Amino acid sequence: MPLWTETLAALRGAERWLLPAECLLCRAAVHTAPDDPLICSLCRSRWNPIPDPVCDRCGQPLDRDLECRICEGWPAGFRGVRSAVWLSGTARDAVHALKYNGWRRAAEGIVPVMTKLEPVRNGSILVPIPLGAARRRERGYNQSAELARALGRLVSLPVDEARLERRRETAR
């Protein structure tokens with residue numbers, strides 16, 4: 001077992017000794033397991049998947065009689081965007097815990113629902129969207145990179161955090 005894996009296991013053991021094993025969202029007791037996701041399977045099962053059919057470019061649900069207008073202004077090469085679930089209810093709470101509340105490990109509880117997305121295949125490279133410098137200082141980490149690394153570990157795909165570069169700060 002690699003040293004980082006042993007270190008991670010030791011840190012998680014210490015965390016569980018100090019903190020009760022409970023779901024980050026519903027606060028119900030959870031059984032500790034090797035993957036220790038912080039979000040229970042019951043909470044994940046309540047997340048609503050995006051219904052088919054979806055737009056090939058932006059992944060939003062389509063009305064079979066209308067063309068998608070959400071992504072019509074996107075650059076031509078930008079396509080294949082997908083969401084696993086609607087950002088509502090406890091799915092929103094999980095993302096906010098990761099993004100705004102400092103719960104970096106919430107990414108490990110979020111990514112299992114992402115494994116069925118079309119872009120997650122052998123030969124793919126996961127590329128997180130970089131944060132601006134100010135937001136990175138404010139949060140202390142990039143939530144997109146945390147998701148990419150957790151998903152990469154789960155489905156054995158490489159993560160290339162240097163592929164994209166943020167050139168300017170953008171509004172929230």
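Predicted model: local features only at pLDDT ≥ 70, side-chain atom pairs only at ≥ 80, totals over all residues.
The buried residues of helix α3 are covered by elements that include α4 (106-110) and α6. Those buried residues are A91, A94, A97 and L98, within a helix that spans residues 89-99.

**Helix α3 and its buried face**
- A91, A94, A97 and L98 cover an arc of only 125° around the axis, which puts them on the same side of α3.
- An α-helix has 3.6 residues a turn, so residues three or four places apart point the same way.

**Confidence**
- The chain has a mean pLDDT of 85, with 91% of its residues at 70 or more.

**Backbone features to look at**
- A cis peptide bond runs from D52 to P53, with omega near -5°, and P53 sits in the loop between α2 (41-45) and α3.
- R27 is not a glycine, yet its phi is positive, at about 65°.
- You will find R27 in the loop between α1 and α2, where R27 is partly exposed with a relative accessible area of 49%.
- S156, also not a glycine, has a positive phi of about 55°.
- S156 belongs to the segment after α6 and is exposed, with a relative accessible area of 64%.

**Around T170**
- T170 lies in the segment after α6 (143-155) and counts as partly exposed because its relative accessibility is 33%.
- The T170 side chain makes a polar contact with the side chain of R166, at 3.1 Å.
- From C-alpha to C-alpha, T170 and R57 are 23 Å apart in space, and they are 113 residues apart in sequence.

Methods:
Residues numbered from 1 in each chain as written. Heavy atoms only, no water. Helix = DSSP H or I, 4+ residues; strand = E, 2+ residues; numbered from the N terminus. Buried < 20%, exposed > 50% of the residue type's maximum accessible area, 1.4 Å probe, protein only. Polar contact = N/O pair within 3.5 Å; in protein donor to acceptor, adjacent residues only side chain to side chain. Arc of directions from axis to C-beta. Contact = heavy atoms within 4.5 Å. pLDDT = per-residue confidence, 0-100.
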